[in-house]
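This report describes the fold, the helix packing and the charged pairs of one protein. The sequence and the structure are shown first.

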Amino acid sequence: MDRPRSLTAGPVSRQALPVSDGNTDSVSTASSEHLSGGLVLLGGASGSGKSYLARTYGRPHLLLDAFYREISEDQKGDPQRSFPRTAYGEIDWDHPGTWNARAAVDAIIELRETGRTRVPDYSITTSSITGYVDLELAGGPIVAEGIFAAELPRILSRLGVDFQAWYIDQHRLTTAARRLARDLAERRKPVPFLIQRGWSLLRKEREIRDHYLDAGFTPVPKAELHRRLAAR
């Protein structure tokens with residue numbers, strides 16, 4: 001049996017994109033030829049319900065968090081190879097420097113051009129890739145979501161890829177409560193880390209929203225998003 005191919009090991013689109021270290025300005029061109037009828041990017045703060053909407057309406061659901069970099073890549077103490085850190089000294093998993101934008105964009109291009117791709121099965125708990133999952137078009141739309149979705153509109157626009165970008169607009173306290181409940185239930189990280197991260201994200205939610213809107217996302221209430229996605 002062939003060994004599963006890692007999207008991070010090389011380009012899958014017609015022309016390669018550079019691996020991202022949080023800088024996604026430099027990209028190459030790629031074909032906009034595709035088999036899918038549409039691509040939707042869902043943005044929102046962690047815990048806003050992006051995954052639920054994408055699982056419900058995506059055909060397929062492309063989980064952008066699957067393209068996190070592995071913790072084994074972090075070389076603490078090396079300014080060139082260490083991951084970004086929070087003010088309290090932990091790896092800042094909310095910073096795009098911990099995410100592989102090249103692999104995510106390659107997967108989108110391959111899925112649209114060939115109808116299938118293979119994405120990492122990434123464990124948030126261990127911060128590592130545990131395997132790979134085959135993803136196929138099932139009539140569209142492709143609904144891609146993750147906390148780094150705001151990094152994609154600029155790249156996709158320059159590649160000539162059509163998409164809709166919607167931000168889940170809901171009260172920040174609702175989002176914070178759902179985020180903490182989810183993270184504790186899934187045991188994503190140690191409890192002290194989750195509490196520190198949750199408080200930090202709650203204070204930064206206005207900034208997060210502005211970042212998405214500046215990137216080209218349109219704020220849409222969740223009930224309206226259900227209607228729009230169901231109609232596609």
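## Helices α1 and α6

In this predicted model, helices α1 and α6 cross in a right-handed sense. Helix α1 covers residues 50–57, and its axis comes within 10 Å of the axis of α6, at a crossing angle of roughly 20 degrees. Angles under 35 degrees count as roughly parallel, and α1 is therefore roughly parallel to α6.

On the α1 side, the residues that meet α6 are Tyr52, Leu53 and Tyr57. Their counterparts in α6 are Lys222, Leu225, His226, Leu229 and Ala230. Sorted by class, this contact has six nonpolar residues, one polar residue and one charged residue.

Helix α6 spans residues 222–230 and holds both Arg227 and Glu224. These two residues form a salt bridge, with 3.0 Å between the closest N and O atoms. They are three residues apart, about one turn of the helix. Glu224 also forms a salt bridge with Arg228, where the closest N and O atoms are 3.1 Å apart. Because Glu224 and Arg228 are four residues apart in helix α6, about one helical turn separates them.

Glu224, at 24% relative accessibility, counts as partly exposed. Arg228 is also partly exposed, at 31%.

Side chains of opposite charge can pair when their charged atoms come close. By the distance rule used here, the count comes to eight salt bridges. One of them joins the side chains of Arg209 and Asp169, at 2.9 Å from N to O. Arg209 belongs to helix α5 and Asp169 to strand β6 (residues 164–169), so this pair ties together parts that are 40 residues apart in sequence. Asp169 is partly exposed, with 28% relative accessibility.

## Helices α4 and α5

Helix α4 (residues 172–186) packs with α5 at an angle of about 160 degrees, and the two axes are 10 Å apart. Angles over 145 degrees count as roughly antiparallel, so α4 and α5 are placed in that class. Their crossing is right-handed.

The α4 side of the contact is made by Arg172, Leu173, Thr175, Ala176, Arg179, Arg182, Asp183 and Leu184. The α5 side is made by Val191, Leu194, Arg197, Gly198, Leu201, Leu202, Arg203 and Glu205. By class, the contact of α4 with α5 has seven nonpolar, two polar and seven charged residues.

Lys204 is also found in α5, which runs over residues 191–214. This lysine has a relative accessible area of 32% and is partly exposed. The C-alpha atoms of Lys204 and Arg172 are 9.8 Å apart in space, while the two residues are 32 residues apart in sequence.

## Leu39 in strand β1

Strand β1 covers residues 39–43 and includes Leu39. Is Leu39 buried or exposed? With 1% relative accessibility, Leu39 counts as buried, because the buried class is under 20%.

Which residues does Leu39 contact, leaving aside its neighbours within four places in sequence? The contacts of Leu39 are Ile108, Arg112, Ile142, Ala144, Leu156, Val161, Asp162, Phe163 and Gln164. Leu39 and Pro141 are 5.6 Å apart in space, C-alpha to C-alpha, and 102 residues apart in sequence.

## The whole chain

The protein has six helices and seven strands. Along the sequence, these elements follow the pattern β-α-β-α-β-β-β-α-β-α-α-β-α.

What share of the 232 residues is buried? Buried residues make up 48% of the protein. Among contacts between residues at least 6 apart in sequence, 76% join residues at least 24 apart.

Methods: Residues numbered from 1 in each chain as written. Predicted model: local features only at pLDDT ≥ 70, side-chain atom pairs only at ≥ 80, totals over all residues. Heavy atoms only, no water. Helix = DSSP H or I, 4+ residues; strand = E, 2+ residues; numbered from the N terminus. Buried < 20%, exposed > 50% of the residue type's maximum accessible area, 1.4 Å probe, protein only. Axes fitted to C-alpha atoms, helices over the stretch in contact; angles between N-to-C directions. Parallel < 35°, antiparallel > 145°, perpendicular 65-115°, else oblique. Left-handed = near helix turned anticlockwise from the far one by under 90°. Contact = heavy atoms within 4.5 Å. Nonpolar A, V, L, I, M, F, W, Y, C, P; charged D, E, K, R; others polar. Salt bridge = Lys/Arg side-chain N within 4 Å of Asp/Glu carboxyl O.
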